[in-house]
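Welcome! Then let us walk through it together.

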Amino acid sequence: MSAHVTTTPSPFLDLTSAKNLAGNDEQLRQLVQTFETSLDEEIEKISHALATHNQQQVEFSLHTLKGFVGLFVVPTLALQVELLYKNCRNQPLAVTATEFNSLVPIFQTLLSEVRGWLSL
């Protein structure tokens, strides 16, 4: 399974921190599978919360996303998510929605990268 340790460069996926945490290829695969599921779920939760104007759920899901995304993505994306969470508590929901929606294509690309890595 050494193919999972050396991956092709991705614009958003960075497993350096996850590899250090996992310790071995099997645990890394489990972490990445959990990340794939969690990322997909939180994107859906945030989208739904924005559509229903549920500020509290948006904040909660962005906090959750911020908490785990840093282990799996390039630092610039992790910082964008962190800032989105930080700002969501102090700005109108419409502004958060615009900022989140601008990241959705990146999250979709990230999900594709994760699924590609998992298929190796």
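Predicted model: local features only at pLDDT ≥ 70, side-chain atom pairs only at ≥ 80, totals over all residues.

If you follow the protein chain from the N terminus, the order of elements reads α-α-α-α-α.

Now step back and look at the overall dimensions. Along the principal axes, the C-alpha atoms of the protein chain fill a box of roughly 45 × 20 × 20 Å. The radius of gyration of the protein chain is 15 Å, which agrees with the value near 14 Å that a compact globule of 120 residues would have. Contacts tell us about the fold too: counting contacts between residues at least 6 apart in sequence, 70% join residues at least 24 apart.

What about the outside? The protein chain exposes about 6600 Å², and 55% of this area comes from carbon and sulfur atoms.

Next, look inside. Of the 120 residues in the protein chain, 40% are buried. In soluble globular proteins, nonpolar side chains tend to be buried together. Here, the largest nonpolar core has 38 residues, and those with the most contacts inside it are Phe35, Leu39, Leu62, Leu77, Phe107 and Leu110. Each of the helices α1 (16–22), α2 (25–51), α3 (55–69), α4 (75–88) and α5 (93–118) supplies at least two residues of this core. The most comes from α5, which gives 11 residues.

Which residues does Leu39 touch, leaving aside those up to four places away in sequence? Its partners are Leu65, Phe68, Phe107, Leu110 and Leu111.

Because its relative accessibility is 38%, Gln27 counts as partly exposed. Gln27 and Ile43 are 16 residues apart along the chain, and their C-alpha atoms are separated by 24 Å.

Ala51 also sits in helix α2. Is Ala51 buried or exposed? With a relative accessibility of 58%, Ala51 counts as exposed, because exposed means over 50%. Ala51 and Ala97 are 46 residues apart in sequence, yet from C-alpha to C-alpha they are 8.9 Å apart in space.

Terms used:
Residues numbered from 1 in each chain as written. Heavy atoms only, no water. Helix = DSSP H or I, 4+ residues; strand = E, 2+ residues; numbered from the N terminus. Rg over C-alpha atoms; globule rule 2.2 N^0.38 Å. Buried < 20%, exposed > 50% of the residue type's maximum accessible area, 1.4 Å probe, protein only. Contact = heavy atoms within 4.5 Å. Areas by Shrake-Rupley, 256 points an atom, 1.4 Å probe, with all protein chains shown as cover. Core = buried A, V, L, I, M, F, W, Y, C linked by side-chain atoms within 4.5 Å.
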